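Please read this briefing alongside the sequence and the coordinates.

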Amino acid sequence: MLWVALLLASGAWLVAQSKAAPSAPTVSIFLKPPGVIPPGGSTTICCSCQCATGHLVLLKDGHRLHALALRGGRAEFSISNATHRDAGVYRCQHQAGDTLLAHSEDLHVMVQEFHLPTPVLWVLPGQEVTVGAAVSLRCSTAHPAARCLLYLQGQLAALAVLSKQQEDFNISHVQEANGGHYSCQCFNKDASFSWSAASEPLQLVVRDYTLSNTVHLALGAGVLLLLGLVLAEATHSSWRGQQQQPCP
């Protein structure tokens with residue numbers, strides 16, 4: 001039975017080692033600002049990685065394009081005066097020397113002329129809401145047949161495709177993670193795709209007053225307790241002074 005005990009001990013050690021082994025860091029990629037860019041326009045490719053060591057490499061269409069310096073877990077590559085040659089599939093890789101440790105998903109960058117009217121993005125009930133509220137984002141365009149992409153900065157892809165049949169993107173119970181900079185961009189497909197410029201970005205701020213109220217109540221209770229202690233000490237000192245007065 002000794003070999004059984006050794007086998008079980010070896011298996012337990014391997015399981016412990018697999019659990020203790022650190023997982024590869026997650027690498028993400030996104031455009032800032034998001035969306036299709038026009039010829040002559042500019043954008044920034046952002047890569048993020050919680051990397052303790054190594055470096056990031058930016059690839060375009062599978063070919064090494066640029067080595068990126070990490071600052072605070074993020075690296076950026078700017079595209080200015082864009083041309084159609086800047087369009088393509090980009091990816092960020094985390095490497096140690098020539099060894100690939102992890103890579104992001106693919107980011108598709110498009111460079112297109114803008115022919116459609118610029119849409120307007122609305123948020124109801126307003127740009128500042130509390131946790132748990134219902135929020136609707138609406139992208140309005142003057143083109144009757146256009147569909148619109150809704151973006152949240154920091155995300156790889158569009159959140160939704162909106163149309164005349166479904167104009168709103170609804171969040172029934174908004175959370176702090178839903179906060180950020182939103183924009184939308186419209187397109188129409190006839191013989192080919194026609195695009196609009198992206199709307200002006202809109203910031204959604206989500207406040208969690210539950211935590212704030214808890215902190216305020218705790219601070220208020222602490223102040224009341226401190227005042228009570230001060231008052232008790234003052235009363236005790238007054239009583240002790242009266243006890244020590246000599247009899248006439």
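Predicted model: local features only at pLDDT ≥ 70, side-chain atom pairs only at ≥ 80, totals over all residues.

Residues are numbered from 1 along each chain as its sequence is written, and side-chain values use heavy atoms, with hydrogens and water left out.

**Sheet**

- An open sheet is formed by 3 strands in the order 1-2-5, with antiparallel pairing; strands are DSSP runs of E of at least two residues, numbered from the N terminus, and two of them pair if DSSP finds at least two bridges between them.
- Strand 1 (27–32) and strand 5 (74–79) are the edge strands, each pairing on one side only.
- On average, neighbouring strands of this sheet are turned by 20° against each other, direction ignored, where axes are lines fitted to C-alpha atoms and angles run from 0 to 180 degrees between N-to-C directions.
- Strand 1 pairs with strand 2 (residues 43–49) in the antiparallel sense over 6 bridges, and Val27 stands opposite Cys49 in strand 2.

- Gln93, which lies in strand 6 (residues 88–96), is buried, with a relative accessible area of 11%; buried means under 20% relative accessible area, exposed over 50%, and partly exposed in between, for a 1.4 Å probe and protein chains only.
- The side chain of Gln93 makes a polar contact with the side chain of Gln95 at 2.9 Å, a polar contact being a pair of N or O atoms within 3.5 Å of which, within protein, one must be able to donate a hydrogen and the other to accept it, and residues adjacent in sequence count only if both atoms are side-chain atoms.
- Leaving aside neighbours within four places in sequence, Gln93 is in contact (heavy atoms within 4.5 Å) with His55, Leu56, Val57, Leu59, Leu100, Ala102 and His103.
- Leu101, found in strand 7 (residues 99–103), counts as partly exposed at 37% relative accessibility.
- Between Leu101 and His55 there are 46 residues of separation in sequence and 9.9 Å in space, C-alpha to C-alpha.

**Largest pocket**

- The largest pocket holds about 330 Å³ of space; a pocket is an open set of points on a 1 Å grid over the protein atoms alone, where a 1.4 Å probe fits, with protein on both sides within 12 Å along at least five of seven lines, and a volume is the space filled by probe spheres set on the points.
- Of the 17 residues that line this pocket, the closest to its centre are His108, Tyr151, Leu156, Ala157 and Ala158; lining residues have an atom within 4 Å of a point.
- Strand 1, strand 8 (107–109) and strand 13 (147–152) are the elements that give two or more residues to this lining, and strand 8 gives the most, with 3 residues.

How values were computed
Helix = DSSP H or I, 4+ residues; strand = E, 2+ residues; numbered from the N terminus.
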